Amino acid sequence: MASDHDPTEFVDGDFVAQKSPFSATPPGAGQAQRAPTREEVDSMVAERQQRLAELKRAQEELERQRAALEETRRRQMEFQTGRQEMLQNLTRGVGLLEEAEFSSRRDAEQMAKGLTDLREALARIEAIHEEGWTQENFSMELTRALTALENARMEWNAARLKFPILSGSAQVGGASAPAGGASPASLLTAHSFGALCRLGLALTWPLAVVALLGLAALVVFLLRH
């Protein structure tokens, strides 16, 4: 008996595989496909709705992931920008404070040394007790007292040049530098030699008067003997 299909005939396998699921099992080769039933249509609608719901959930999940990634990117950018800004600010701040600390420490050391010198000069002046002088030690004690006064005056003048606050000319904010940023040396060189001589005479004339009085007293004392 001959087979139903000739092996040499062309058969479209894709067409055969993609036949509609609604086609009834053909009792014969030429039977037409049947229409889908209502139950089959309802099943397909439910299947499509389920797939749409799954796709919607997947879309929402992707949207959440995208929002999370965008937030992470924003925070990373904020971190990088803030880090760079703070590195610059802190580096500059450390440098400025170190320089200010060094300057303040140097000024404090100079002020401490000046304070020690003034205290020593004050102690030497307070140690002079002229009521205990006698005729025998009058000349020597007077010379010592005048020397102590001269040294104390030099300390005082040097301290006034270093610390304008001693002259009542301190700048606002407690600055200890001379007005205009000029150093004591520049203040001295700004005057002529004659002006400096007059300034020196004005500062030392009380000492000269005391010396003259002491010399006169010594002469009187010698003449009486």
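How far apart are the end C-alpha atoms of helix 3, and what should its 25 residues span at 1.5 Å a residue? The end C-alpha atoms of helix 3 are 36 Å apart, which agrees with the 36 Å that its 25 residues should span at 1.5 Å a residue, the expected span being 1.5 Å times one less than the number of residues. This is a predicted model, in which local features need pLDDT of at least 70 and side-chain atom pairs count only at pLDDT 80 or more, while totals for chains, interfaces and linings use all residues. Residues are numbered from 1 along each chain as its sequence is written, and side-chain values use heavy atoms, with hydrogens and water left out.

**Overall make-up**

- The chain has five helices and zero strands, where helices (H or I, at least four residues) and strands (E, at least two) are DSSP runs numbered from the N terminus.
- Along the sequence, the pattern of the chain reads α-α-α-α-α.
- Of the 225 residues in the chain, 8% are buried, a term that means under 20% relative accessible area, with exposed meaning over 50% and partly exposed lying in between (1.4 Å probe, protein chains only).
- Contacts (heavy atoms within 4.5 Å) between residues at least 6 apart in sequence join residues at least 24 apart in 44% of cases.

**Helices 2 and 3**

- Helix 2 is built from 89 residues and reaches 125 Å from its first C-alpha to its last, which is close to the 132 Å expected at 1.5 Å a residue.
- The buried residues of helix 2 are Gly-114, Asp-117 and Ala-121, and what covers them includes helix 3.
- In helix 3, the buried residues are Glu-141, Leu-142, Ala-145, Leu-146, Ala-148, Ala-152 and Ala-159.

**Salt bridges**

- Side chains of opposite charge can pair when their charged atoms come close.
- The model has 10 salt bridges, each being a side-chain nitrogen of Lys or Arg within 4 Å of a carboxyl oxygen of Asp or Glu.
- One of them joins Glu-70 to Arg-66, with the closest N and O atoms 2.8 Å apart, and both residues lie in helix 2 (residues 38–126), four residues apart, or about one turn of the helix.
- Glu-70 is partly exposed at 37% relative accessibility, and Arg-66 is also partly exposed, at 42%.
- Glu-63, Arg-66 and Glu-70 are linked in a network of salt bridges.
- Glu-71 forms a salt bridge with Arg-74, in which the closest N and O atoms are 2.6 Å apart, and these two residues are separated by about one helical turn because they stand three residues apart in helix 2.
- Glu-71 is partly exposed, with a relative accessible area of 36%, and Arg-74 is partly exposed with 42%.
- Lys-113 and Asp-117 meet through their side chains in a salt bridge of 3.3 Å, N to O, and they are four residues apart in helix 2, about one helical turn.
- Lys-113 is exposed, with a relative accessible area of 52%, whereas Asp-117 counts as buried at 18% relative accessibility.
- An α-helix has 3.6 residues a turn, so residues three or four places apart point the same way.

**Aromatic pair and nonpolar patch**

- The structure holds one aromatic pair, and because the rings of Trp-133 and Phe-138 have their centres 6.0 Å apart and their planes at 70°, this pair is edge-to-face.
- Rings of Phe, Tyr and Trp (its six-membered ring) pair if their centres lie within 6.5 Å, and planes under 30 degrees apart count as stacked, over 60 as edge-to-face and the rest as tilted.
- Phe-138 counts as partly exposed at 26% relative accessibility.
- Trp-156, Ile-165 and Leu-166 make a nonpolar surface patch of about 280 Å²; patches are made of residues with over 30% relative accessible area and no salt bridge, like charges being joined within 9 Å and nonpolar side chains (Val, Leu, Ile, Met, Phe, Trp, Tyr) within 5 Å.
- Leu-166 has its place in the loop between helix 3 (138–162) and helix 4 (184–189), and Leu-166 is partly exposed, with a relative accessible area of 31%.

Methods
Accessible areas come from the Shrake-Rupley method with a 1.4 Å probe; for residues, only the protein chains shown count as cover.
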